[in-house]
Amino acid sequence: MIHISRKKEIRSHTSLRGLAALIVVFVHFRSFFHPSIDPDEFTFFLYKGYLWVDFFFILSGFVMAYVYDIEHPKRYSIRDTMHYLIARIARIYPLHLISLVATLLFFIMVALINWGLGEEPCCVFDDSLRNAESLIANLLLVHAWGMFDWVTWNFPSWSLSAELFCYLIFAVLLTINGDNRKLALVVLSCTAVLFYCLSLATSSDVDENFRLSTIRATSAFTIGMLLFLGREAVSAVPERSLTCIQIAACIALFFTLHFGLADILSIGLMALIVLVTWEDRGYLCNCLDTRYIHTIGLLSFSIYMWHYLVKFIAKQDWEGFTGLPLQSSATGSVLFIACMIGLVIPIAIGSYRHLEMPTRKWISLRLNGLLETKYPPNWQLALIPSERKR
């Protein structure tokens with residue numbers, strides 16, 4: 001049996017995840033801008049905002065490889081792998097389910113309000129992306145596995161569905177030995193190369209074909225795992241040189257996004273930033289290791305999961321109660337976006353403290369308890385020889 005040791009948190013990665021989440025929020029809220037304000041006329045930075053989800057996948061691949069020591073040549077037992085899957089499900093599913101139910105209740109409420117006003121009671125199941133089939137897929141967290149053309153229900157949850165797919169692949173990697181694991185990583189790497197080459201050859205964005213979301217996520221997740229395997233190269237770099245690389249990578253990433261260059265360039269620079277910050281050394285890491293930025297990182301999952309529902313509600317209520325469009329003035333639209341971002345943070349704090357962490361701990365304890373009851377640590381030793389061979 002392989003015992004999973006508790007690894008030290010990579011604080012820079014936590015902070016980077018928080019900053020990426022805020023950028024995604026701003027990208028989604030930009031639809032509230034007044035027509036006279038069009039950031040895409042000056043920069044493609046927000047237009048390319050979807051790439052920060054790929055950044056999440058890269059971080060996730062690195063962290064999973066780090067926490068579960070993918071370098072270890074021995075295979076994980078089924079029991080240890082089950083513990084891993086329980087931890088992953090407890091991490092992402094409770095808040096996904098809660099936010100999905102909240103989204104469903106919101107649309108039911110809108111439908112009831114419309115019915116009460118004598119209007120058509122629409123908005124619960126109103127199109128091909130919000131129907132009973134997609135709701136069931138969301139409940140099973142498989143709605144980004146190639147069965148729909150675009151996001152459904154609580155839009156950000158598509159990345160959780162794709163992330164779950166990556167977690168299952170990682171579980172398979174854990175259950176095979178070192179040589180077979182290396183071969184599997186080669187296959188995954190080839191898949192990632194083919195995906196990015198296809199994107200380059202067709203001059204398409206990596207998010208253009210939603211049905212390939214799992215391939216997109218797996219490709220970035222694989223990059224993260226490979227970065228972990230090559231992390232020792234950073235240890236030999238002096239801190240001053242590491243700082244120069246960090247600053248140069250950030251500047252290069254900004255201009256790559258600003259000019260809207262090929263997605264693979266931005267993804268490569270994001271991967272480089274993940275690699276050169278993993279030791280929490282250098283000036284960039286010192287800047288990231290502040291109380292407030294790190295706290296945003298801890299809240300990033302809740303921020304990510306609730307911001308789109310806040311957007312739905314804000315748009316519906318503001319225009320419904322005031323009769324004024326959100327884009328009625330340039331200044332008003334900017335202030336409105338600032339208020340919405342300011343509102344998401346306290347919602348995320350409450351969610352993190354009272355929903356995300358408690359449900360994660362409860363589910364983890366319950367499922368691990370059931371696993372320990374059914375398969376105690378020495379359960380295989382109790383089997384008779386004929387059963388061990390099965």
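Buried means under 20% relative accessible area, exposed means over 50%, and partly exposed covers what lies in between. Keep that scale at hand for this tour of a predicted model.

**Stop 1**

Select Cys197 to begin. Its relative accessibility is 42%, so Cys197 counts as partly exposed. If you are looking for disulfides, the structure holds zero of them.

**Stop 2**

Next, turn to the aromatic side chains. How many aromatic pairs does a search of the whole structure find? The search finds 25 aromatic pairs. One of them joins Trp52 and Phe55, with 5.5 Å from centre to centre and 80 degrees between the planes, an edge-to-face arrangement. Colour helix α2, residues 51–67, and you will find both partners there: Trp52 and Phe55 are three residues apart, so about one helical turn separates them. In general, an α-helix has 3.6 residues a turn, so residues three or four places apart point the same way.

**Stop 3: a pair of rings between two helices**

Now select Phe170 and Phe221. This is another edge-to-face aromatic pair, with the centres 6.1 Å apart and 75 degrees between the planes. Phe170 belongs to helix α5 (residues 158–174) and Phe221 to helix α7 (residues 213–229), so their pairing ties together parts that lie 51 residues apart in sequence. Both Phe170 and Phe221 are buried.

**Stop 4: along helix α7**

From its first C-alpha to its last, α7 reaches 25 Å, close to the 24 Å expected at 1.5 Å a residue for its 17 residues. How many of the residues of α7 are buried? The count is 14 of the 17, so α7 is largely enclosed by the rest of the structure.

**Stop 5: charges over rings, and a cluster**

Move on to Phe228 and show Arg231 with it. Arg231 lies over the face of Phe228, 3.9 Å from the ring centre. For another such arrangement, select Phe32 and Lys311: the charged end of Lys311 sits over the ring of Phe32, at 5.9 Å from its centre.

Then pick Phe45, Phe254, Phe255 and Phe259 together. These four residues form one aromatic cluster.

**Stop 6: two loop residues with positive phi**

Go to the loop between α6 (178–201) and α7, where you will find Ser203. Ser203 is not a glycine, yet its phi is positive, at about 55 degrees. With a relative accessible area of 67%, Ser203 is exposed.

Another loop, the one between α10 (263–276) and α11 (283–288), holds Asp280. Asp280 also has a positive phi, near 60 degrees, in a residue other than glycine. Its relative accessible area is 24%, so Asp280 is partly exposed.

**Last stop: confidence**

Finish by colouring the chain by pLDDT. The chain averages 86, and 88% of the residues score at least 70. Where does the pLDDT fall below 50? Select residues 379–390 to see such a stretch; beyond near neighbours in sequence, it has four contacts in the model.

Methods:
Residues are numbered from 1 along each chain as its sequence is written. Side-chain values use heavy atoms; hydrogens and water are left out. A disulfide is a pair of cysteine sulfur atoms within 2.5 Å. Buried means under 20% relative accessible area, exposed over 50%, partly exposed in between (1.4 Å probe, protein chains only). Rings of Phe, Tyr and Trp (its six-membered ring) pair if their centres lie within 6.5 Å; planes under 30 degrees apart count as stacked, over 60 as edge-to-face and the rest as tilted. Helices (H or I, at least four residues) and strands (E, at least two) are DSSP runs, numbered from the N terminus. A charge sits over a ring if NZ of Lys or CZ of Arg is within 6 Å of the ring centre and within 35 degrees of the ring normal. pLDDT is the predictor's confidence in each residue, from 0 to 100. Contact means heavy atoms within 4.5 Å. The expected span of a helix is 1.5 Å times one less than its number of residues.
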